[in-house]
Amino acid sequence: MNIDSIQNGVVLDHIQAGKSMKIYQYLHLDRLDCSVAIIKNVRSDRMGRKDIIKIDTPMEVDLDVLGYLDANITVNIIRNGVRVEKTHLKLPGKLVNIIHCKNPRCITVSEPQLDAIFLLSNPEQHVYRCAYCDTAMDRDHLN
């Protein structure tokens, strides 16, 4: 299989195998008017299998969303066919409007104009707590 290299854009590497479509949706890559390559189940010495997303246009990438979805992703910025920047992600300490509280009594449910703010409470298990009502959420509750 041949996937062309990109001249100017972004390469998301080291995505956990099978998660590339979720990342594609969360970053709204379907709205781009450029080539986007999703390469699934690539052999990796470090991970066994991984996914890769190549975006053939320069763009800002929401590192908090990516870090929340998969903190092992590497973000590579490509200019003139050369990687000029490489960012290793980490679990963000604070999420704003990425996930929404599932507690029906939370103020963010009755006041939807408020930002949905979650703070990392347990990094080992990727648990976040609502800043308003303290309801716990993990990555299984993406919405």
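**Reading contacts, sheets and a pocket**

Modeller: In this predicted model, Asp 64 touches Pro 92, Lys 94, Leu 95 and Ile 98, leaving aside residues up to four places away in sequence.

Biologist: Where is Asp 64 placed, and how far apart are the C-alpha atoms of Asp 64 and Pro 92?

Modeller: One reads a contact together with the positions along the chain. Asp 64 belongs to helix α2, which covers residues 63–69. Although Asp 64 and Pro 92 are 28 residues apart along the chain, a separation of 5.8 Å is found between their C-alpha atoms.

Biologist: How many bridges join β1 and β3, and which residue does Leu 12 stand opposite?

Modeller: The antiparallel pairing of β1 (residues 9–16) with β3 (residues 48–55) extends over 5 bridges. Leu 12 faces Ile 53 of β3.

Biologist: Which strands stand at the edges of the sheet formed by 4 strands?

Modeller: That open sheet has the order β6-β7-β8-β9, again with antiparallel pairing. The edge positions belong to β6 (94–96) and β9 (136–137); each has a single partner strand, so one side of each lacks a neighbour in the sheet. Between them in the order, β7 (residues 117–122) and β8 (residues 127–130) pair over 4 bridges in the antiparallel sense. Asn 122 stands opposite Val 127 in β8.

Biologist: Finally, how much space lies in the largest pocket, and which residues line it?

Modeller: A pocket is read by its volume, then by its lining. The largest pocket holds about 170 Å³ of space. Its lining consists of Val 10, Met 59, Glu 60, Val 61, Leu 63, Val 75, Ile 77, Arg 79, Glu 85 and Thr 87. By class, these are 6 nonpolar, 1 polar and 3 charged residues.

Biologist: Which strand supplies the largest share of that lining?

Modeller: Strand β4 does, with 3 residues. Both β4 (74–79) and β5 contribute at least two residues each.

How values were computed:
Residues numbered from 1 in each chain as written. Predicted model: local features only at pLDDT ≥ 70, side-chain atom pairs only at ≥ 80, totals over all residues. Heavy atoms only, no water. Pairing = 2+ DSSP bridges. Contact = heavy atoms within 4.5 Å. 1 Å grid on protein atoms, 1.4 Å probe; cavity = no way out; pocket = protein on both sides within 12 Å on 5 of 7 lines; lining within 4 Å. Points joined across faces, edges and corners; volume = space filled by probe spheres on them. Nonpolar A, V, L, I, M, F, W, Y, C, P; charged D, E, K, R; others polar.
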